[in-house]
Amino acid sequence: MPRWSWDFEDEPQRRAGSKPPGPPPPPLPGAETPGPTRREALIRRRRALAAAAAVGLLALLAIVVAAASSGSGRKAPHPLSTGRVRATRRAPTDPERDEAAAVRSVLAYTPFVKEGSGTAKEIALTFDDGPGPFTPQVLSVLEHYHVRATFFVIGRMLRYFGASTVREIEDGDVIGDHTENHPMLAHLSAHDQYEELFEQIARVELLGGRRPTLFRPPYGSFDATTLRELARLHLLMVLWSVDTDDYEQPGVPTIVQRAMEGAHPGAIILLHDAGGQRQQTIEALPQIIKGFRARGYKLVTIPKLLADDPPPQGQPIPPNLSGD
């Protein structure tokens, strides 16, 4: 049976400001030969992803051929109703093209964004660490209130909860890169940072999603190497102006209060749809949405915010936010 850890945000040793576990001690004389190195494991995983892509394309071709030969004229079932974990490919709309151009425009003069310039009364809701067991409930709330959000997705979680990310894509939400394994990037080499970013991108594309152009650093951990690797992959780093700290499960009223107190034009709100127990976030979300709308705010995705309210030029690069 496959196993996963969806509560890594709740592990004390992995929170922002704390060091991750050190390297394991060297093997004792006579011990078994160590397993493959991290580089070898990453190469194997990339080969597996390529093989999976080939299998997926063959399966898709078989479905198209079968549908064409049947001549039944029946409408194809929704991918989530059949268990097929792949989004329907479609051409981008004109607004989506404008939003993609806005991301490229901002990336041309800054490697990061933490909020808009404040000229438009818009707020972006963002969710980290998914997909996970609570993601469907988060999506149900967003769908009920007709809100599009930005999800920073962990690549390895797509193996178990990919259907939720397909649902996000079908809903018109934006998928960003939150690395493959949620490490503290500032502790990794340039090669390993690149692999963490690229692996996640490959998985999203295998699901039928568009190539991510946005990135959020796990634990807020990044360094100059990270910025160079982001430039290689044409990724814009998205930080935040309001952190609800909902991963600490401080209670629904506290999550709502933190979000509302930080509300301002161009704000980027940090929430979590996975990484641990998220029932409080689910219960707080309707109150946050209704509270923002009552104040006249429009809830948008990050690309839409950048199109309507791009950040000012000349901002200094923020420091590593992880505390290390």
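This is a predicted model: local features need pLDDT of at least 70, side-chain atom pairs count only at pLDDT 80 or more; totals for chains, interfaces and linings use all residues.
At 1% relative accessibility, F151 counts as buried, a term used here for residues under 20% relative accessible area, with exposed meaning over 50% and partly exposed anything in between (1.4 Å probe, protein chains only). Residues are numbered from 1 along each chain as its sequence is written, and side-chain values use heavy atoms, with hydrogens and water left out.

Rings of Phe, Tyr and Trp (its six-membered ring) pair if their centres lie within 6.5 Å; planes under 30 degrees apart count as stacked, over 60 as edge-to-face and the rest as tilted. Helices (H or I, at least four residues) and strands (E, at least two) are DSSP runs, numbered from the N terminus.

A second stacked pair is formed by Y194 and F198, at 5.9 Å centre to centre and 5° between the planes. Both residues belong to helix α6 (residues 190–206), where they are four residues apart, about one turn of the helix. Y194 is buried, at a relative accessible area of 17%, whereas F198 is partly exposed, at 22%. Helix α6 also holds Q200, a residue that is buried at 0% relative accessibility. Contact here means heavy atoms within 4.5 Å. Beyond its neighbours within four places in sequence, Q200 has contacts that include V153, I154, D177, H178 and P212. Elsewhere, K121 lies over the face of Y297, 5.1 Å from the ring centre; a charge sits over a ring if NZ of Lys or CZ of Arg is within 6 Å of the ring centre and within 35 degrees of the ring normal.

What of the fold as a whole? The protein has 10 helices and nine strands, and buried residues make up 47% of its 324 residues. Of the contacts between residues at least 6 apart in sequence, 81% join residues at least 24 apart.

A nonpolar core is a set of buried Ala, Val, Leu, Ile, Met, Phe, Trp, Tyr and Cys residues joined through side-chain atoms within 4.5 Å. The largest such core has 38 residues, and L125, L142 and F292 have the most contacts inside it. Two or more residues come from each of β2 (122–130), α4 (135–144), β3 (150–153), α5 (158–171), α8 (252–261), β8 (267–272) and α9 (279–294). The most is given by α9, with six residues. Once residues up to four places away in sequence are set aside, L125 touches a group including V147, I269, L285, I289, F292 and V300. Another core, of 30 residues, lies apart from this one, with V113, A124, L214 and M237 among its members.

Two packed helices are described by the angle between their axes and the distance between the axes. For α4 and α9, the angle is about 10° and the axes are 9 Å apart. This makes α4 roughly parallel to α9. Angles under 35 degrees count as roughly parallel, over 145 as roughly antiparallel, 65 to 115 as roughly perpendicular and the rest as oblique; axes are lines fitted to C-alpha atoms, for helices over the stretch in contact, and angles run from 0 to 180 degrees between N-to-C directions. On the α4 side the contact is made by Q137, V138, V141 and L142, and on the α9 side by Q279, I282, L285, P286 and I289.

P311 lies in the segment after α10 (302–308) and is buried at 4% relative accessibility. Although P311 and F112 are 199 residues apart in sequence, their C-alpha atoms are 9.2 Å apart.

The backbone deserves a friendly look too. Most residues other than glycine have a negative phi, and most peptide bonds are trans. G130 and P131 are joined by a cis peptide bond, with omega about -5°, and P131 is found in the loop between β2 and α4. H234 has a positive phi, near 55°, and is exposed at 57% relative accessibility. D245 also has a positive phi, about 50°, and is partly exposed at 21%.
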